[in-house]
Amino acid sequence: MSNYTILSVSDLRKYFTTAEGVVRAVDGVSFNVKHGETLALVGESGSGKTTTGHVIMGFYPPDGGKIIYKGAYELSIPMKKRPLELKRDIQIVFQDPGTSLNPKRLVKDIISLPLLVHRIVDKRRVYEKVAELLEYVGLSEEYMFRYPHELGGGEKQLVAIARALAPNPSFIILDESTSALDVSSQAKVLNTLVKIQNELKLTYLLITHDLGVVRNISQRVMIMYLGKIYEEAPTEEFFKLPMHPYTQMLLSSIPTLSEEDEKIKPRGIESVGEIPSAVKPPSGCRFHTRCPFAKQICMEKDPPDIIVNNNHIVRCWLYE
Ligand SMILES: Nc1ncnc2c1ncn2[C@@H]1O[C@H](COP(=O)(O)OP(=O)(O)O)[C@@H](O)[C@H]1O
Ligand SMILES: [Mg+2]
């Protein structure tokens with residue numbers, strides 16, 4: 001990890017108009033990503049993680065805020081206006097490779113498409129490069145002649161990773177990329193992601209609800225709830241000293257795997273209730289309806305940033 005900020009997000013907002021009303025999916029989110037790190041964005045389903053990733057990708061424009069990439073590029077403008085160079089440099093791997101890989105195309109064609117679009121190699125050398133990419137993610141070149149449905153879940157995801165790597169990106173968004181896999185495929189894919197990150201100096205924004213994955217591969221963690229970020233900390237400190245009651249609730253609901261896990265599990269915060277609707281989020285701290293420690297002020301006012309130390313920030317009235 002270097003100290004260079006590759007991506008800077010400030011006061012990002014994304015609202016969706018639906019039949020039920022306006023969904024404030026991302027509602028004032030700010031964070032920086034350092035070059036070469038894995039920054040995890042964690043939270044229950046519906047907290048706005050995917051929307052954050054999709055706005056960064058440019059799938060839809062934000063309704064407010066700024067995203068600055070590599071100090072120079074403004075990503076908060078419509079995708080159509082993004083230079084090809086930017087589309088090349090930022091890639092995404094989705095949760096479900098079953099739907100993100102075209103079922104009618106052979107693996108060799110799936111991976112060669114970005115190579116050709118971004119003119120990474122000469123046309124005559126394209127399949128050579130595909131074989132190289134496959135090998136790089138741990139698949140033999142015979143996979144070139146298979147269709148996605150002929151692959152296992154982990155293999156499909158490795159193909160999706162090879163496709164994301166094809167245009168030589170610097171920044172990759174991993175949106176629940178291992179969540180749908182069985183434990184052994186998950187381990188294989190995670191190991192591959194870590195290997196290629198180290199070798200290619202990639203930066204990852206790791207979107208997940210799985211704290212086991214967070215502990216294994218991320219250096220920093222952010223906790224998102226109903227469109228806002230409530231805590232951010234270096235991974236080690238996050239597991240040792242979780243401060244926000246929501247963070248503690250998430251940690252206490254991890255199924256216990258080992259004695260070591262048992263030791264770090266915070267006590268006394270049971271997971272209660274469901275995430276409320278993002279159409280009418282609770283006033284004040286959005287977690288107050290599920291928080292065992294909620295006070296009057298938590299219902300009334302947005303919590304302030306409490307700086308625990310340089311890298312650890314919690315947004316909670318308990319620490320005021
Ligand atoms: N295209 C969309 N149209 C309407 N609502 C959406 C759309 N995408 C996401 N949402 C809503 O925005 C909120 C955040 O969703 P999402 O970003 O997918 O959360 P997460 O990835 O954390 O599960 C949810 O309430 C979801 O229903
Ligand atoms: Mg999601």
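Biologist: Is F239 buried or exposed?

Modeller: Buried means under 20% relative accessible area, exposed is over 50% and partly exposed is in between, using a 1.4 Å probe and protein chains only. F239 has a relative accessible area of 6%, so it counts as buried.

Biologist: What are the ground rules here?

Modeller: This is a predicted model, so local features need pLDDT of at least 70 and side-chain atom pairs count only at pLDDT 80 or more, while totals for chains, interfaces and linings use all residues. Residues are numbered from 1 along each chain as its sequence is written, chains are lettered from A and ligands numbered from 1 in the order written, and side-chain values use heavy atoms, leaving out hydrogens and water.

Biologist: How many aromatic pairs does the structure hold?

Modeller: Rings of Phe, Tyr and Trp (its six-membered ring) pair if their centres lie within 6.5 Å; planes under 30 degrees apart are stacked, over 60 edge-to-face, and the rest tilted. By that rule, the number of aromatic pairs in the structure is 8.

Biologist: How many residues apart in sequence are the parts that F16 and Y60 tie together?

Modeller: F16 and Y60 make an edge-to-face pair, 5.4 Å centre to centre with 85° between the planes. Helices (H or I, at least four residues) and strands (E, at least two) are DSSP runs, numbered from the N terminus. F16 sits in strand β1 (residues 5-18) and Y60 in the loop between α1 (49-57) and β4 (64-69), so the separation in sequence is 44 residues.

Biologist: What relative accessibility does Y60 have?

Modeller: F16 is partly exposed at 27%. Y60 is also partly exposed, and its relative accessibility is 22%.

Biologist: Over which ring does the charged end of R146 sit?

Modeller: A charge sits over a ring if NZ of Lys or CZ of Arg is within 6 Å of the ring centre and within 35 degrees of the ring normal. For R146, the distance to the ring centre is 4.2 Å, and the ring belongs to Y143.

Biologist: Which residue in β12 stands opposite I307?

Modeller: Two strands pair if DSSP finds at least two bridges between them. Strands β11 (residues 305-309) and β12 (residues 312-315) run antiparallel over 4 bridges, and a hairpin of 2 residues joins them. Across from I307 is I313.
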